[in-house]
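Good morning, and thank you for making time for this presentation.

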Amino acid sequence: MSTTSRRGAGTLRAEDIDSQVEIHAWVDRRRDLGGLLFFDLRDRSGIAQAVVMPDEQAELYASLSAVRAEWVLRIVGTVAARGEGAVNVDMATGAVEVRVESAEILAESEPLPLDLGEHAGTGEDTRLKYRFLDLRRSSLQSNFLLRHQLTHGIRNYLADHDFLELETPILTRSTPEGARDYLVPSREHRGSFYALPQSPQIFKQLLMVSGFERYYQIARCFRDEDLRADRQPEFTQVDIEMSFIDESTVMSLIEGLFAKIFPLAGIEPPATYPRLSYAEAMARFGSDRPDLRYGLEIVDLSERLGASGFRGFKAAVADGGVVRGFTVPGAGNASRKQVDGWVEVARRHGAAGVLTLRHRDGGLQFQVKNTLTEAEIEGAAADLGIEEGGLALLVAGPAMTAARALGALRQQLAQDYDLIPADKHAFLWVHEFPLMEWDEDQQRFISLHHPFTSPDPRDLERMDSDPGAVRSRAYDVVLNGMELGGGSIRIHRRDMQARVFSLLGIEPEEAESRFGFLLEALRYGAPPHGGIALGLDRIAMVLAGSASIRDVILFPKTASATCLMTEAPSPATQEQLDELGLHVVPEDDPEAT
């Protein structure tokens with residue numbers, strides 16, 4: 001007597017032939033061919049074909065004749081080989097089918113408000129409104145299986161490296177520095193608010209003071225900021241902190257972690273990654289997260305062209321700026337319209353314009369005739385490595401403006417000329433970021449990362465005289481032009497933390513009000529420590545090969561930070577507002593301030 005085993009639909013194979021199975025699944029597709037009734041049964045493991053034969057099973061056929069797509073069935077039957085010519089080589093279960101012997105309808109379904117086909121034309125708003133149905137798609141289910149494997153691999157790796165998984169508070173106090181906080185009003189303490197954490201940053205530093213030495217958390221974080229394809233108001237990060245380490249310790253740890261998790265998607269990272277200083281990354285690639293899968297490296301022409309006859313170059317260098325450019329092979333015949341488009345890209349990033357140097361028809365052609373000597377043109381062409389059929393784009397102006405404009409152009413030209421190899425993956429570290437930068441709007445220095453980042457000991461003598469020139473002990477890990485995570489060695493001395501607060505315009509009273517518990521902790525033997533936070537959603541997006549982070553978040557928000565499914569955010573009732581002592585001022589209230 002055969003034993004019936006409960007099986008996933010997608011797990012059946014040829015070796016299961018003649019075994020009796022029980023399957024609970026959704027009907028993916030129904031086909032009635034008169035003499036045969038076929039069901040494609042779908043669960044998270046995949047799809048299997050089940051068949052009912054009316055001539056032999058008239059009663060069973062009648063009981064299932066009303067079944068339609070997305071109904072839920074329980075079936076019991078025997079696994080059999082498909083008939084000759086009926087094998088589906090595109091399905092993992094395509095060599096077998098289940099001959100149904102009994103069945104039960106567990107749930108009926110109304111017609112769905114969206115098409116679950118992978119290439120169906122259903123709009124994204126509809127898919128988000130009915131996300132609980134859209135998640136039935138096999139591609140999305142595969143994404144979340146991959147995400148499960150990712151988090152499982154991270155936990156195993158960090159446990160093997162002696163880390164403790166610890167949880168920090170979700171309801172905390174507002175310590176705004178960067179993005180806006182989400183505030184939560186307190187019913188017990190009217191007029192006071194909790195904040196949802198943008199990061200567990202201060203708490204994980206306190207855990208180092210507490211002596212835990214190695215901490216991690218797969219942490220939920222919240223930022224009230226404008227959204228992009230790779231950003232959400234609530235997100236998940238892999239939060240890591242260690243005591244008694246330096247930058248290289250963190251980098252080696254993460255390189256080892258990535259060696260474990262990226263092979264889940266067939267990506268094999270190198271054993272160690274290139275390291276670029278922030279200054280070098282900006283000068284050579286115009287970005288602090290450069291994509292190294294392609295060339296188009298930026299060349300400095302300031303010395304060669306700064307004293308040339310072209311006034312724009314001469315003025316830029318005389319004012320302390322630069323002349324820089326890069327070459328695009330094969331772009332020598334770019335049209336005026338194309339060049340105008342690139343000029344607009346550069347202008348959006350602050351540049352006054354873009355000039356071209358072409359190598360075509362056996363000669364060199366600078367855009368502004370009779371301004372550069374033949375020797376200057378030939379020297380610039382040699383520096384740029386421009387060959388027949390090539391085009392160089394040149395920008396003059398302040399160094400950072402030129403870098404950002406050329407960085408944006410570099411990305412644009414790589415896309416326009418299809419220079420990005422899809423099967424290549426370029427990991428690197430960018431480090432030695434500036435500790436702080438001047439904010440013209442606020443007329444003060446602000447942290448480039450956060451105010452707890454340690455300054456580079458080599459630059460301490462500059463902190464008072466030239467704060468903007470002080471490097472930090474911060475580092476980012478980058479893949480294909482995308483930041484996957486960032487961290488730093490932290491300040492562990494109270495006097496240094498107070499000094500940095502002062503340079504950032506945070507007066508002692510304000511520092512005590514906002515960060516008093518951290519400053520207090522630094523009085524009591526805080527160890528040297530540092531860490532990193534990795535964007536789990538972003539890494540999952542890369543592993544899944546998706547263009548949108550929404551594809552790896554179960555219930556994502558739209559670009560306007562709304563949930564179309566639950567209709568959140570939603571108004572509070574007057575009773576709730578009264579309990580909290582809150583009054584909502586309408587946006588169109590002329591007396592609102």
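Let me begin with a definition: helices, H or I in at least four residues, and strands, E in at least two, are DSSP runs, and they are numbered from the N terminus. Please also keep in mind that this is a predicted model.

With that numbering in place, I turn to the cavities. Strand β10, residues 214–222, contributes the most to the lining of the largest cavity, namely 3 residues. The space in that largest cavity amounts to about 40 Å³. Its lining consists of Thr168, Pro169, Ile170, Pro197, Ser199, Pro200, Phe203, Gln217, Ala219 and Arg220. Sorted by class, the lining of the largest cavity holds 6 nonpolar, 3 polar and 1 charged residues.

How many cavities of 30 Å³ or more does a search of the whole structure find? The search finds 2. The second largest cavity has a volume of about 30 Å³, and the residues that line it are Leu128, Arg131, Phe555, Pro556, Cys563 and Met565. In this lining there are 5 nonpolar residues, no polar ones and 1 charged.

Strand β10 also brings us to the sheets. It belongs to an open sheet of 8 strands with mixed pairing, in the order β7-β10-β11-β23-β22-β21-β18-β12. The edges are taken by β7 (164–165) and β12 (275–277); each has a single partner strand, so one side of each is left without a neighbour in the sheet. β7 and β10 run parallel and are joined by 2 bridges. Within that pairing, Leu164 has Tyr215 in β10 as its bridge partner.

Helix α7, residues 278–285, touches β12 and β18, and the direction of α7 makes about 90° with that of β12.

The structure has 16 aromatic pairs. In one of these, Phe258 and Phe427 are tilted, with 6.2 Å from centre to centre and 50° between the planes. Phe258 lies in helix α6 (residues 247–261) and Phe427 in strand β18 (residues 427–431), so that the pair links distant parts of the chain, 169 residues apart.

Strand β15, residues 355–360, runs antiparallel to β16, and 4 bridges join the two. Arg360 stands opposite Gly363 in β16.

What lies between β15 and β16? The two strands form a hairpin with 2 residues between them, and Asp361 in the turn has a positive phi of about 55°.

Phe244 has a positive phi, near 60°, and is placed in the loop between β11 and α6. The peptide bond from Ala568 to Pro569 is cis, with omega near 0°. Pro569 sits in the loop between α15 (536–544) and α16 (574–580).

Finally, I come to an open space. The second largest pocket has a volume of about 850 Å³. It is lined by 31 residues, of which Arg42, Arg136, Arg137, Ser138 and Gln141 are the closest to its centre. Two or more lining residues come from each of β2 (20–32), β3 (37–43), β4 (46–52) and α4 (138–160).

Which element gives the most to this lining? That element is α4, with 7 residues. By class, the lining of the second largest pocket comprises 13 nonpolar, 8 polar and 10 charged residues.

That concludes the presentation, and I welcome your comments.

Methods:
Residues numbered from 1 in each chain as written. Predicted model: local features only at pLDDT ≥ 70, side-chain atom pairs only at ≥ 80, totals over all residues. Heavy atoms only, no water. 1 Å grid on protein atoms, 1.4 Å probe; cavity = no way out; pocket = protein on both sides within 12 Å on 5 of 7 lines; lining within 4 Å. Points joined across faces, edges and corners; volume = space filled by probe spheres on them. Nonpolar A, V, L, I, M, F, W, Y, C, P; charged D, E, K, R; others polar. Pairing = 2+ DSSP bridges. Phe/Tyr/Trp six-rings, centres within 6.5 Å; stacked < 30°, edge-to-face > 60°. Contact = heavy atoms within 4.5 Å. Axes fitted to C-alpha atoms, helices over the stretch in contact; angles between N-to-C directions.
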